[in-house]
Each structure stands twice: as structure tokens, then as C-alpha cells.
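Have a look at the structure, then read on.

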Amino acid sequence: MWPFRNPFSQKTKSEETFSFHHFHKSVIGASHIKSNKVCQDFSASFSNEKYALAVVCDGHGGERYIRSHIGSKKAGEVCLEAIHDFFGECAKNPLEKFEP
């Protein structure tokens, strides 16, 4: 179950706040190094006391996709913004109020 609850906490479950840790890393592959290409992938992560998220975008690869690194970065940034907006709306209007 994520996040893990501290079993030694004196707080009730509703009083307890969780601490999330996050990291991300995109690494250039050996074939890209040999052919002098940039890393075309993008990754990002974020956490606060309420949630943690990670976004990973894989570049197209291939000779004809010379701007793939730009597209994967833009897609990741748009995704992060959309998720933050979604969680902001959920905070204003709790999910139990939404009807399917």
C-alpha cells in the first residue's frame, strides 16, 4: 500500500501526513553516444504532502526525428501541468461529489 504508514505513529490515520520522496533521471543510450545524438527521452517527478507523480516520455528515435527531444520534453511538461490542474480541481470539488 502506498504511501506507507508509520506503524509507530501516535497520530490517527486521518491526522497523519505522508512524506513522499521522488526522483527521475533520463540517461542517453550507448547507440546515441556513438552516433553523437542527444537523449530524446524526458522524465520528471514531483511530490508534496498529498501526492507524488512521475512522468516518462520516450522520444521517437530514428534519423528523421531530429526534434524528438523537444517533443518529449513538451509532452512531459504539458502532462505535469494537466495533472496538477486535475488535482487542484479535485481539492476544490472532492471526488465523491462527481457523478459518473
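This is a predicted model: local features need pLDDT of at least 70, side-chain atom pairs count only at pLDDT 80 or more; totals for chains, interfaces and linings use all residues.

## Ground rules

A contact here means heavy atoms within 4.5 Å. Of the contacts in the protein with a separation of 6 or more, 35% come from residues 24 or more positions apart.

Residues are numbered from 1 along each chain as its sequence is written, and side-chain values use heavy atoms, with hydrogens and water left out.

## Fold and surface

The protein has two helices and two strands, in the order α-β-β-α along the sequence. Both kinds of element are DSSP runs numbered from the N terminus: H or I and at least four residues for helices, E and at least two for strands.

Of the 100 residues, 21% are buried (under 20% relative accessible area; exposed is over 50%, partly exposed in between; 1.4 Å probe, protein chains only).

## Aromatic rings

Three aromatic pairs turn up in a search of the whole structure. F46 and Y51 make a tilted one, 5.8 Å centre to centre with 45 degrees between the planes. Rings of Phe, Tyr and Trp (its six-membered ring) pair if their centres lie within 6.5 Å; planes under 30 degrees apart are stacked, over 60 edge-to-face, the rest tilted.

F46 is partly exposed at 28% relative accessible area, while Y51 is buried at 14%. Ring pairs join F46, Y51, F86 and F87 into a cluster.
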